[in-house]
Amino acid sequence: MQQISYFDFCTKEGLDLYISKARSNADLFNKIFHFSPEGFRKKNPKFKVSGEDNVKIIREISQITRLPLELVEGINLGDEILHSQGLPEGFGCTSVSLDGVIAQTLDLFTVDLSLVKEQDALYVTMPPYLTLMGMNKHISFCTNVVAGPVQGGIPVSHMRRDLLRCKSLNETLDYLKSIERATSVNFLISDGRNVVDAEVTTSNVNVYGSVENKNGIKYCAHTNHLVHPDFLSDNSCSRLKRAVSLLKKSKNLDFILQDSHINVPIFYQQEIGFGSILQIIMDVGNGKLCYKDPFMKNYGELQL
């Protein structure tokens, strides 16, 4: 795992590192899943692409990284591959919001990450995957893996990238409800003022709003399961309970992401690591994205 780097899709600033990370991630995918992602793609032609924009991006990623198109397409079915094999115990991330600002620990295998600037979007990804989480001038979103069945439909990687073309909360929710969804995923979405949580499954999209703490500040949280009946009352995840308790006290988001009950130390098994490989805070109202990986003492900052 290397330190997170920056790549500009238009100017190609940071291209060499982006290529290097795409190739190392492709090798890691084979080690994790024990078969080729392109083989999974060929065996499952039922998955759809969401539009010509994503088709063009995937083709360009293949061209600039010199990875086979079928491999890039297969890695962008990573969520569906993972769900078809079953989520490892403890797999997941913690997403939180406070006063319109959203944040997340990215709990994942030790993939190599890039911050990507693409037209009006700024996002984090593991090349050659489309998008993990990010923001544009109108909305930002964090995301959580949620276990669920796999069917034909739009893959999660495409959903994530499509959200960054939306210009309002209503547009993001309309989009998620309108598509045929390949598997489950969760999104915590902000327009800088309001935050909603969208639990996406193959059969439904459940939407939860924020609540106010005693200081009159709105907050929301989600981890890696479908909450019931709501995120305040759900007691099935210790990370969620801890996040809610800190949000009720209006603790700073960076404090919450560093909390020992939420931040997962990286551990290794047979050279593959897993843990909190990134902390990210997005303030779409001010166009600011802050990030910190395990190599960094302090947060870095990018302005959209």
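## Arginine 165 and its salt bridges

Arginine 165 is partly exposed, at 28% relative accessibility; that class sits between buried, under 20% relative accessible area, and exposed, over 50% (1.4 Å probe, protein chains only). Salt bridges with shared partners join Asp53, Asp162 and Arg165 into one network. The term salt bridge stands here for a side-chain nitrogen of Lys or Arg within 4 Å of a carboxyl oxygen of Asp or Glu.

Helices (H or I, at least four residues) and strands (E, at least two) are DSSP runs, numbered from the N terminus. Aspartate 53 is itself partly exposed, with a relative accessible area of 45%.

## About the model

Please keep in mind that this is a predicted model, in which local features need pLDDT of at least 70 and side-chain atom pairs count only at pLDDT 80 or more, while totals for chains, interfaces and linings use all residues. Residues are numbered from 1 along each chain as its sequence is written, and side-chain values use heavy atoms, with hydrogens and water left out.

## Other salt bridges

How many salt bridges does a search of the whole structure find? The search finds nine. Among them, lysine 12 pairs with glutamate 60, their closest N and O atoms being 2.9 Å apart. Lysine 12 lies in the loop between β1 (5–8) and α1 (15–33), and glutamate 60 in helix α3 (residues 52–65), so the bridge ties together parts that are 48 residues apart in sequence. Lysine 12 is partly exposed, with a relative accessible area of 24%, and glutamate 60 is partly exposed at 27%.

Glutamate 52 also forms a salt bridge, with arginine 59, where the closest N and O atoms are 3.8 Å apart. Glutamate 52 counts as partly exposed at 44% relative accessibility, and arginine 59 counts as partly exposed at 44%.

## Aromatic pairs

Rings of Phe, Tyr and Trp (its six-membered ring) pair if their centres lie within 6.5 Å; planes under 30 degrees apart count as stacked, over 60 as edge-to-face and the rest as tilted. By this rule there are six aromatic pairs. In one of them, phenylalanine 109 and phenylalanine 274 have ring centres 5.7 Å apart and planes at 75°, so the pair is edge-to-face. This pair links strand β3 (residues 101–109) to strand β14 (residues 272–283), with phenylalanine 109 and phenylalanine 274 being 165 residues apart. Phenylalanine 109 is buried at 17% relative accessible area, and phenylalanine 274 is buried at 9%.

Phenylalanine 141 and phenylalanine 187 form another pair, with centres 5.6 Å apart and planes at 85°, so they too are edge-to-face. Phenylalanine 141 is in strand β7 (residues 140–145) and phenylalanine 187 in strand β8 (residues 185–190), so the pair ties together parts that are 46 residues apart in sequence. Elsewhere, ring pairs link Phe7, Phe9 and Tyr18 into a cluster.

## The nonpolar core

A nonpolar core is a set of buried Ala, Val, Leu, Ile, Met, Phe, Trp, Tyr and Cys residues joined through side-chain atoms within 4.5 Å. The largest one has 97 residues, and Phe187 is among those with the most contacts inside it, as are Met159 and Leu176. Phenylalanine 187 is buried, at 0% relative accessibility. Beyond neighbours within four places in sequence, its contacts (heavy atoms within 4.5 Å) include Phe141, Met159, Leu163, Leu176 and Val196.
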